[in-house]
Amino acid sequence: TETVLRRARAGVLDRGEPLRIRLKDGALRSVGLKALLAGGNALAIGDGSLENWEVIQFAKAVPVERNLWEISDRLRGQAGTDGIMPEAWPEGSIVVLLDGAAQQVTLPPSARGQDRFWRIGPARRPFDDPSYRAKTTQVRGIGLRPYAPCHLRLDGRVVSWIRRSRIDGDGWDGTDVPLGEVQERYRVRIVQGGSIRHEAEVGRPDYTLPEQVWTDALAGGAFTVAVAQLSDQFGPGPFARRTFNDQ
């Protein structure tokens with residue numbers, strides 16, 4: 001990237017300043033709304049690590065010069081990555097077009113957490129060519145990470161939220177989206193003054209705060225409720241957060 005991409009609301013078109021990206025090769029094209037909502041023009045933006053990537057889509061692509069483009073009318077935090085969206089992706093962030101050219105490495109679940117050793121370079125040259133680089137990675141299995149809950153609410157002492165799903169979550173025929181986990185569990189936190197004042201694990205999408213916790217939270221001014229779904233395979237997903245009593 002050659003400009004900064006600032007945080008924006010997921011689920012609606014981000015009509016902020018165009019993001020300027022430089023490609024090593026290839027060309028982009030604009031798409032209509034139907035093609036965008038069908039998954040067109042997807043890319044990942046991140047810092048080059050294995051875990052810190054946001055998936056976005058864009059409707060408009062305008063050429064600036066050779067291999068330099070400005071993309072706008074974006075959909076942010078796609079594929080559950082809204083939970084890890086930073087305040088800003090700085091200039092110099094890495095973008096990867098999700099057009100099928102880059103293939104995901106297939107690894108068994110047993111490979112999670114183990115060191116994997118790679119030699120990376122041009123396929124037409126031998127592995128000992130000076131152009132090759134060595135890299136060691138540990139895969140956590142981000143595809144198993146639960147999505148952050150949504151629609152976090154507080155009604156009296158009762159905190160409630162809506163569960164999301166990584167698996168078959170686009171259907172509208174059933175009464176709820178599939179769980180996608182062995183069991184339904186959440187971690188609920190009350191954060192105030194930068195410290196965790198209360199934490200609990202629950203098995204349903206609501207929680208009644210203990211009366212003393214509620215009283216102390218009200219007396220202390222603004223407080224934040226944070227909720228994350230738990231996975232037996234991955235652990236806690238990203239926290240959904242909402243601040244209350246901040247008047």
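The following dialogue examines how several terms apply to this predicted model.

Biologist: Why is the pair of Phe127 and Tyr132 called edge-to-face?

Modeller: The ring centres of Phe127 and Tyr132 lie 5.8 Å apart, and rings pair if their centres are within 6.5 Å. Their planes stand at 75 degrees, and planes over 60 degrees apart count as edge-to-face; therefore the pair is edge-to-face. The search of the whole structure finds four aromatic pairs.

Biologist: What makes Trp214, Phe223 and Phe244 a cluster?

Modeller: Ring pairs link Trp214, Phe223 and Phe244.

Biologist: Is Phe127 buried or exposed, and how do you know that?

Modeller: Phe127 has a relative accessibility of 60%. The exposed class begins over 50%, so Phe127 counts as exposed. Tyr132, its ring partner, has 8%; buried means under 20%, and Tyr132 therefore counts as buried.

Biologist: What makes the contact of Asp82 and Arg164 a salt bridge?

Modeller: The N to O distance between the side chains of Asp82 and Arg164 is 3.1 Å. The cut-off is 4 Å, so the pair qualifies as a salt bridge. In this pair, Asp82 belongs to the loop between β6 (68-78) and β7 (88-89), while Arg164 belongs to the loop between β12 (158-162) and β13 (186-192). The search of the whole structure finds 19 salt bridges.

Biologist: Why is Arg164 called partly exposed?

Modeller: Arg164 has a relative accessibility of 22%.

Biologist: What makes Glu201 and Arg185 a salt bridge, and where do they lie?

Modeller: The closest N and O atoms of Glu201 and Arg185 are 3.5 Å apart, against a limit of 4 Å. Glu201 is in strand β14 (residues 195-202), and Arg185 is in the loop between β12 and β13. At 47% relative accessibility Glu201 counts as partly exposed, since the exposed class requires over 50%. Arg185, at 24%, also counts as partly exposed.

Biologist: Which residues are linked in a network of salt bridges?

Modeller: The network joins Asp14, Glu54, Arg74 and Arg76.

Biologist: Why is Gln229 called buried?

Modeller: Gln229 has a relative accessibility of 2%, and buried means under 20%, so Gln229 counts as buried. This residue lies in strand β16 (residues 223-231). Beyond four places away in sequence, Gln229 touches several residues, including Arg164, Glu181 and Arg185.

Biologist: Is Lys24 buried or exposed, and how do you know that?

Modeller: The relative accessible area of Lys24 is 85%. That value is over 50%, so Lys24 is exposed. Lys24 sits in the loop between β3 (19-22) and α1 (33-37).

Biologist: What makes β11 (150-155) and β15 (206-208) edge strands?

Modeller: Each of β11 and β15 pairs on one side only. The open sheet has three strands in the order β11-β12-β15, with antiparallel pairing. Four bridges join β11 to β12, and pairing requires at least two. Within this pairing, Cys150 has Ile162 of β12 as its bridge partner.

Biologist: Why is β6 described as largely enclosed?

Modeller: Nine of the eleven residues of β6 are buried, so the rest of the structure largely encloses this strand.

Biologist: How do you know that β6 pairs with β2, β3 and β5?

Modeller: At least two bridges are needed for a pairing. Strand β2 (residues 13-14) has two bridges to β6, with Leu13 partnered by Leu75. β3 has four, among them the bridge of Leu19 with Ile71. Strand β5 (residues 53-65) has eight, and Val55 stands opposite Gln78. β2, β3 and β5 each run antiparallel to β6. In the hairpin of β5 and β6, two residues separate the strands, and Asn67 takes a positive phi near 65 degrees.

Key. Residues numbered from 1 in each chain as written. Predicted model: local features only at pLDDT ≥ 70, side-chain atom pairs only at ≥ 80, totals over all residues. Heavy atoms only, no water. Phe/Tyr/Trp six-rings, centres within 6.5 Å; stacked < 30°, edge-to-face > 60°. Buried < 20%, exposed > 50% of the residue type's maximum accessible area, 1.4 Å probe, protein only. Contact = heavy atoms within 4.5 Å.
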